[in-house]
Amino acid sequence: MSTTAPGAGRWDGISFEERMATVDFRVGARAHITVDTDVCRSCTTKACVTACPADLFAPTADGGILFNYEECFECGTCYMVCNSEGALTWTYPDGGHGVVFHHG
Amino acid sequence: MSGTTTNGTTGPEPLEFDAVVVGAGPAGASAALALARAGRRVVLVERGPFPGAKNVYGGVVYGRVLDDIVPGWWDEVPVERWIVRRSTMMMTGTQSLSVDFRTDAWGSAPYNGMTTLRCHFDAWLAGKATDAGARLLTSTVATGLVRDGDGRVVGVRTDRDGAELHAPVVIACDGVNSFLAKEAGLLARAEASHHTLGVKEVLDLPPGAINERFAVQDHEGVDVEILGCTREIPGGGFLYTNADSVSIGVVVSLPELAASGVRPEALIADLKAHPSIAPLLRGASLREYAAHLIPEGGYDTMPALAADGLLIAGDAGAMTLAAGLWLEGVNFAIGSGYAAGRATDRALSRGDCSAAGLASYRADLEAQFVLADHKRLRKAPSLVLSERVQQHYPGLLCDLAEGMFTVTNPTPKPGGLKLTRTVAARHGVKLRQLAGDTLRGLRIFG
Amino acid sequence: MTTAPTTEVHPAPDGPLVVACLRIGDLRPTVDPLDGTVTRDRLGVGLSPADAAALEHALRLAEAWSGRVVAVCVGPESVEPVLRDVAALGATVMRVPLGDEGDGHRYVGELAEDEHGLARTLVAALAPFGAPDVVLCGDRSVDRGTGALPAYLAHELGAAQALGLVVLGPVTDSAGRQALLAERRLDAGWRERLNVPLPAVCSVEGAGVRLRRASLAGALAAEGEPVPVARSLAVVAAPGPGSFHAGAPQPFRPRTRVLPAPHDDDPRLRLLTLTGALVAHEPPTVVEPADAAEAADVLLAFLARHGYLDDTRVTIPERAATEDDAP
């Protein structure tokens, strides 16, 4: 998960995993996010890592980006803040899949 | 459907419509409703399993726009609470200053604003459209536009078998990320500076506790807008009451959030721990966490709203009004969607679905609140998100109130002007700037 | 799919009949951590992975045999959106109401209490379609079911049963008849391969296949169509000879065990006393009887001895003492 200091990410008694467990994600077979990690190696900001509210992006030791797509809010933050053309592609998940908000 | 076979077809059902509406949120449902009422064959394409599944909002649905569209809407709408208290709070880490307004007038028909859950509200509105004869196709993504030889939009491709839905007009109500508006070249691919990120927690709280803590009863609710709760990132917070839960969240500028390296949920945690907020939420447990983008650029960043065979409405057209004192989106989506539906009907009647034939859409929006409000408040986003308003004024006003109301015996009370000058200097604001911003605010909001 | 809410007008059998018995419920019900109360949400209804796999297998079998698929679900009106999605895939769907539909949430939870009655209800509801050649179920239900439904269905239909399958496909047996070839998991990565004659009831794991998506035309055709509802046919299984009723499944709630405080001064000894690490225990009993009936008797006797069975309703047959019973 996050690379911040130990204890970070655990706010007011709720771990990030518990927080995400409150959301209904109907995971599809196709990854709707793809990352070209070669492009990410030259990225100095890696804004997606901290800005993604679902914490889906993790920096790897070799400077790349490891991504998840399963627990995605489909907000679009990642591709909006990405400053490297072509590093990140983002589409909607297949119909009927992805996040389902019950209390939006 | 007699004679249905296992390959899922019942013979060649024509996939031709008068209009395809993409997205069954408030904009799309209203557009489909207008078209269905005009007797048009309209299909409403929704990518979620039900309308509202993908939608998150930050507070209040203002129902005045529904008066003409669904008369007597308040008797049937799925409501959580009717807003009777509206509070604007400015805060620093240890202080808060609220302007709190309450009125009985908002607590009875025809009401002013309400809190609701989008999966209920959006489904209700889409139900109005299907009752009027619109077809609702859920769990289906409109993956792209279909164009004819002249480049006019004549339909959408879907992710079901790659099959297409054809119609002379496509109304894209596919939300803030609108890939259809982007494909049509109406919307920039990724313009972070025109967007804010909203993150929200819905917290379980018994109705009795809500009534006591927020000083309301029965179906009355409270809406609190908060400034100064987002650290150094431009933005704001909100807190409002549902029937048996409260929603709390922050809305922050996307590029500044990315530059700050702060995790979004940390900002909510800050807000929830604030001494003015924490007692309201004591013992509440998390029911659902959510995040969504908001188009907050306002009038000046709004895309062209029509192309040949294509209209855009709602968040896809950046219709959310984020002007400090007013934060409205759902009503703008309904207003723009219904107008798009009626403009499409007129264009179909005239047989001209080009951008020029659909131009009555924009004229209609300019004539009513949707674009009139946006135009009048076009400078508001830049003022509200300016550094002084974000970083200095909440603290300045809180310190001013503290200076005014702290009893300093035996030292005599400070004069108001002297106090203002001292406090302003402490916050690095010149009185001239304060006066200038006040004037600017009066011009924008007055 | 007929539009009238009745069970009568259906085409005559024009090919093998494949039935998918689906359980549709909230896939993410919330469970109160203190009292175990289950709260279900209408918006959460869907097919569990096992039910989706069962439906996909049904569609594939029907394709291979040029047969028909009938999908039935016992449940309240809130399951209809999901059945409509199933109809979009080309299956004939039917909803089977069960008794009072007033409180859908409570109702779904009670389905699991009488699986035998549920099986009889389903068989009665399916009667107008003719005798099914294959009945498919998911092997895990989301509504606290016990997983006994497929076995009861096989019993009621007089069909072969193969449960917990991961692979299922059509074959022609040595006599030239249509049959099924199935695989299920065994321990240690082994798999058991079964030849299943028709008619058969099969339950499948939520693995191996993924439910197809409906075509655009299919989805549009099914959209807004009323879901046919079977007449209310609630059949409750009367306790017959040799059957017993174990009651509704309850949330597991182990009793608190009070341990006396240990007296030793040495922390290590106190720890040993508390954990009982060096105390001799009775090893778990391994039941290795000769046949299934005997094994059932041993298990029933064990349950009765430990107070899990109501003695007044179950008679444990007296077994002749054998050498195995000697200590």
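Okay, let's start with chain C, which exposes about 18100 Å² of surface, with carbon and sulfur atoms supplying 55% of that. Before I go on, please keep in mind that this is a predicted model.

So, staying with chain C for a moment. In terms of secondary structure, we're looking at eight helices and 12 strands. Chain C has 327 residues, and 41% of them count as buried. And if you take the contacts between residues at least 6 apart in sequence, 69% of those join residues at least 24 apart.

Two loops in chain C are worth a stop. Follow strand 11, residues 191-197, towards strand 12, residues 200-204, and in the loop between them you'll find Pro199(C). The peptide bond joining Leu198(C) to Pro199(C) is cis, with omega at about -10°. Now go to the loop between strand 10, residues 178-185, and strand 11, and look for Ala188(C). Ala188(C) isn't a glycine, yet its phi is positive, near 60°. Is Ala188(C) buried or exposed? Exposed, with a relative accessible area of 74%.

Chain A has four helices and six strands, and if you read along the sequence they come in the order α-β-β-α-α-β-β-α-β-β. As for contacts in chain A with a separation of 6 or more, residues 24 or more positions apart account for 64% of them.

Chain A also has a residue with a positive phi that isn't a glycine: that's Asp55(A), at about 55°. You'll find Asp55(A) in the loop between helix 3, residues 47-51, and strand 3, residues 57-59. Buried or exposed, then, for Asp55(A)? This one is buried, with a relative accessible area of 8%.

Next up, how the chains meet. How much area is buried between chain A and chain B? About 3900 Å², and carbon and sulfur atoms give 57% of it. If you want to find the residues on the chain A side, go to Met80(A), Tyr92(A) and His103(A), which lose the most area to chain B and together make up 21% of what that side buries. Counting residues, the contact takes 41 from chain A and 50 from chain B.

Chain A meets chain C as well. There, 11 residues of chain A are in contact with seven residues of chain C. The area buried between chain A and chain C is about 640 Å², with 40% of it from carbon and sulfur atoms.

Pro110(B) sits in the loop between strand 5, residues 96-102, and strand 6, residues 113-115.

Thr241(B) is buried, and its relative accessible area is 0%. What does Thr241(B) touch, leaving aside residues up to four places away in sequence? Its contacts are Arg81(B), Thr115(B), Ile210(B), Phe214(B), Gly221(B), Val222(B) and Val246(B). Look at Glu80(B) too: it's 161 residues away from Thr241(B) along the chain, but their C-alpha atoms are separated by 8.0 Å.

Helix 9, residues 330-350 of chain B, packs against helix 11, residues 369-376 of chain B, with the axes 9 Å apart and at an angle of about 130°. So helix 9 and helix 11 of chain B are oblique to each other. On the helix 9 side, the contact is made by Asn331(B), Phe332(B), Gly335(B) and Ser336(B), and on the helix 11 side by Phe369(B), Val370(B), Asp373(B) and His374(B). Sorted by class, that contact has three nonpolar, four polar and one charged residues.

That's the tour, thanks everyone.

How values were computed. Residues numbered from 1 in each chain as written. Chains lettered and ligands numbered in written order. Predicted model: local features only at pLDDT ≥ 70, side-chain atom pairs only at ≥ 80, totals over all residues. Heavy atoms only, no water. Axes fitted to C-alpha atoms, helices over the stretch in contact; angles between N-to-C directions. Parallel < 35°, antiparallel > 145°, perpendicular 65-115°, else oblique. Contact = heavy atoms within 4.5 Å. Nonpolar A, V, L, I, M, F, W, Y, C, P; charged D, E, K, R; others polar. Buried area = accessible area lost by both parts, 1.4 Å probe. Buried < 20%, exposed > 50% of the residue type's maximum accessible area, 1.4 Å probe, protein only. Areas by Shrake-Rupley, 256 points an atom, 1.4 Å probe, with all protein chains shown as cover.
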